[in-house]
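Here are some questions and answers on one protein chain. Each answer works towards a name or a value.

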Amino acid sequence: MISIDSLADPRVAAYRNLKDKELDRAGRFFIAEGEHLVRRLLASDFPVESVFIAERHAADFQSLAPANVPLYVTTSEVMNGVLGMKFHSGIIACGSRKPWAPLESILKKGPGAMTLVICPDINNVENVGSLIRLSAGFGADALILGERCHDPFWRQSIRVSMGTIFSLPIYRSPELLHDLRRLKNEWNFELAATVLDENAEPLADAKRAARFGLLLGSEPHGLDGNTASLCDRRLTIPMKLGTDSLNVAVAAGIFLYHFTREDSFRNHR
């Protein structure tokens with residue numbers, strides 16, 4: 001344990017001014033805030049640069065933090081200067097990003113069933129975190145993010161994901177249209193576009209192939225034409241009372257609940 005007297009200490013520079021900056025995709029690091037997220041980070045295979053805690057948590061985290069991870073300890077007053085206690089409750093950590101794995105690494109070998117959640121253009125940072133949590137919660141095998149998606153390692157996304165980002169396989173595509181063609185042609189995935197169209201296939205009775213990719217569009221614009229044209233099917237959740245759409249995370253939860261049930265699979269799987 002290393003005692004810290006001030007946020008001006010250079011050893012805790014990563015934790016300063018988090019309201020004014022973000023550790024973005026061009027950088028090496030990310031921030032996990034709160035006991036639950038920090039515990040999940042420490043239990044994951046992500047490298048941890050340091051843990052920064054208030055004194056009252058020192059005894060608990062002394063045994064949790066690996067010997068090679070600095071455990072910085074300070075007063076509650078100093079910790080209050082990092083975002084505010086309501087966010088981190090006196091526990092925060094800095095982790096290192098891992099290189100994005102290639103597409104092949106997230107796909108199971110052989111003919112077994114797989115569920116992919118594919119997001120070409122989700123720009124809301126909290127929606128990205130919600131989609132990570134939903135994908136993990138409903139047992140999706142991986143989340144694929146297009147090149148225009150928000151960085152999933154912003155601290156708000158990590159917080160909303162409840163730390164499931166540390167266990168869910170995520171692939172960030174540098175060229176999504178190319179990768180969608182590969183999923184269809186090389187791995188025999190059925191791709192389904194989620195759309196707002198009363199003429200699309202209603203979700204209630206929809207079945208799925210064993211290898212299935214669910215594409216979710218952005219809330220303002222949905223899926224662009226080039227992406228939708230690569231899909232094998234168009235699916236919709238019928239709306240009533242003049243409602244035009246649902247939040248993308250709400251819609252994703254409905255679609256994933258439906259397509260991860262045993263009775264949603266076609267008989268030929």
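Q: Which residues form one aromatic cluster in this predicted model?
A: The model is a predicted one. A search of the whole structure finds 9 aromatic pairs. The residues that form one cluster are F30, F46, W100, F153 and F166.

Q: Over the ring of which residue does the charged end of K98 sit?
A: A charge counts as over a ring if, for Lys, NZ is within 6 Å of the ring centre and within 35 degrees of the ring normal. The charged end of K98 is 4.2 Å from the centre of the ring in question. That ring belongs to F46.

Q: How many residues apart in sequence are the parts that Y15 and F52 tie together?
A: The rings of Y15 and F52 form a tilted pair, 5.2 Å centre to centre with 40° between the planes. Y15 lies in the loop between β1 and β2, while F52 is in strand β3, so the pair ties together parts of the chain separated in sequence. Both residues are buried. The separation is 37 residues.

Q: Are the planes of F212 and F259 stacked, edge-to-face or tilted?
A: Planes under 30 degrees apart count as stacked and those over 60 as edge-to-face. The ring centres of F212 and F259 are 4.6 Å apart. F212 is in strand β11 and F259 in helix α9, 47 residues apart. Their planes are at 40°, so the pair is tilted.

Q: Within what arc do the buried residues of α7 fall?
A: An α-helix has 3.6 residues a turn, so residues three or four places apart point the same way. In α7 the buried residues are L176, D179, L180, R182, L183 and W187. Seen down the axis, these buried residues line one face of the helix, because they fall within an arc of 155°.

Q: Which are the edge strands of the open sheet of 7 strands?
A: The strands of this sheet pair in parallel, in the order β8-β7-β6-β11-β9-β12-β10. The buried residues of α7 pack against several strands, among them β6, β7 and β8. An edge strand pairs on one side only, and the two that do so are β8 and β10.

Q: Which residue of β8 is the bridge partner of I144?
A: Strands β7 and β8 run parallel and are joined by 3 bridges. The partner of I144 in β8 is Y171.

Key: Residues numbered from 1 in each chain as written. Predicted model: local features only at pLDDT ≥ 70, side-chain atom pairs only at ≥ 80, totals over all residues. Heavy atoms only, no water. Buried < 20%, exposed > 50% of the residue type's maximum accessible area, 1.4 Å probe, protein only. Helix = DSSP H or I, 4+ residues; strand = E, 2+ residues; numbered from the N terminus. Arc of directions from axis to C-beta. Contact = heavy atoms within 4.5 Å. Pairing = 2+ DSSP bridges. Phe/Tyr/Trp six-rings, centres within 6.5 Å; stacked < 30°, edge-to-face > 60°.
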